[in-house]
Amino acid sequence: MSVREQIEREIRQRGPMPFSRYMQICLYDPAHGYYSHNAEQFGKAGDFYTSSDVHAVFGRLLARQFDEIWQALDRPPQIEILELGPGRGLFARDVLDWSNKKFPGFYAALTYTLQESSPALQAKLRDSLRDHIGTGRTRVPEERPSLAQRFSAGEGGKDDQVPEGRPSGPSRTLTPETPLIVFANEFFDALPVEILSTHGKLHIALENNRLCETWLPPLAEEMEFLDRYSVHPEPGERIEVPILTQNWIQQIAHAIPSGVLLMIDYGYTRNQQLAGRHRGTLMAFRQHSASPDPYQAPGEQDLTAHVNFTALAAACAQSGMQVEKLRTQSQFLMGLGEKNQFADAFEDCRIPQERAKVALQLKHLVTPVGMGENFQVLIASRAIAPVKMTSLSGLSFGN
Ligand SMILES: C[S@@+](CC[C@H](N)C(=O)[O-])C[C@H]1O[C@@H](n2cnc3c(N)ncnc32)[C@H](O)[C@@H]1O
């Protein structure tokens, strides 16, 4: 059954579906969802590229940051990195290779867990990381829906209608007391959102066998989210409400006994929304072109919404984590690279032409016209002295 047929069947059986459910089926339907059925979304030949597709220096600089975090935790004998939504695993490979080469103490303590819901991408990860998996230090657990997932699958959902591969929170592989770094790059912007307008909450219905939009009353929880962390839509606006992301962040915060959450994503703050920006950020991507129409090709195009950093930071703070001031990717990478003039980027270059190419790639990651200003970095920690956190290289640029 195609994604469209699956959506239509569910609407016939259960009535209009909330937009988050539509987005979930489009992206994560186990057979035909955008992320489930193929593993070729990334890079030049795919629909979009992420920082790890640009150059290995992204993972190498982050390896440097993870090593410093391990030191700030007083070099525990074991530490776990849990990467959420690793995609095809380029980042993990770069971090593991560089840590092995440059930070042997940290590497010896490290277990790297990759939590990926797409079966196609899981298979790709197991193949591309087989050397590291062979050492027993790298793990790609199979995702199976838990009871909590079934429950969270939504408004009246029955077991047989729950798409697999949508875990309801982080699943680490070491014991809960082991220090943990949770890392997520462009993960939260791929989670389903609700959409609210002055007419109510967006649902998808069927009219004359065609998908159409209809508006129903929102839940109290969704209105409360707007009151606290976002803005109420003006006529003509559509504002996203990322309730699922809030649930994820709460669970992640609880899962970190000591350690750090480090997430990088497109996003905005409530103040920016109050100033009139980012008031509706849902986009569809296909073959590197963006479209505001999420209904064009269900299951064939990526759907994404910017993250609300005000809400994410609040959820971390409410769980007792120390939250650092938001940094742009540019500030963060400059802090990590400036001490050794980005030697991590140029180490493999043998000839000037190679250096010139890498310099361009680095520029793309760091400068405002590239990815440097569009992406922001949220860091929250638990059980690390504030002074140790603020002296991390990634947080030191401009201090
Ligand atoms: C936009 S991609 C980012 C991939 C990668 N982090 C990168 O930077 O290249 C989002 C990834 O999150 C994965 N994903 C989405 N929801 C997930 C979930 N609930 N559990 C695990 N992975 C998930 C998708 O399958 C996809 O690989």
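A word on the source before the details. The model is predicted, and local features need pLDDT of at least 70, side-chain atom pairs count only at pLDDT 80 or more, while totals for chains, interfaces and linings use all residues. Residues are numbered from 1 along each chain as its sequence is written.

Now the strands. A strand here is a DSSP run of E with at least two residues, numbered from the N terminus, and two strands pair if DSSP finds at least two bridges between them.

I will start with S7, residues 200–207, and strand S1, residues 17–18. They run antiparallel and are joined by two bridges. Pro18 has His203 in S7 as its bridge partner.

Next is strand S6, residues 194–197, which is also antiparallel to S7, with two bridges. Opposite Leu196 stands Lys201 of S7. Between S6 and S7 there is a hairpin through two residues.

How many bridges join S7 to strand S8? There are seven, and S8, residues 210–216, runs antiparallel to S7. One of the pairs is Ile204 with Glu213 in S8. The hairpin of S7 and S8 has two residues between the strands, and Asn208 there takes a positive phi near 50°.

Last, the ligand. A residue is near it if its C-beta atom, placed from the backbone, lies within 6 Å. There are 20 residues around the ligand, and those that come nearest are Tyr35, Thr50, Gly85, Gly87 and Ser117. The shell has nine nonpolar, eight polar and three charged residues. Nonpolar means Ala, Val, Leu, Ile, Met, Phe, Trp, Tyr, Cys and Pro; charged means Asp, Glu, Lys and Arg; the others, Gly among them, count as polar.

Notes. Helices (H or I, at least four residues) and strands (E, at least two) are DSSP runs, numbered from the N terminus.
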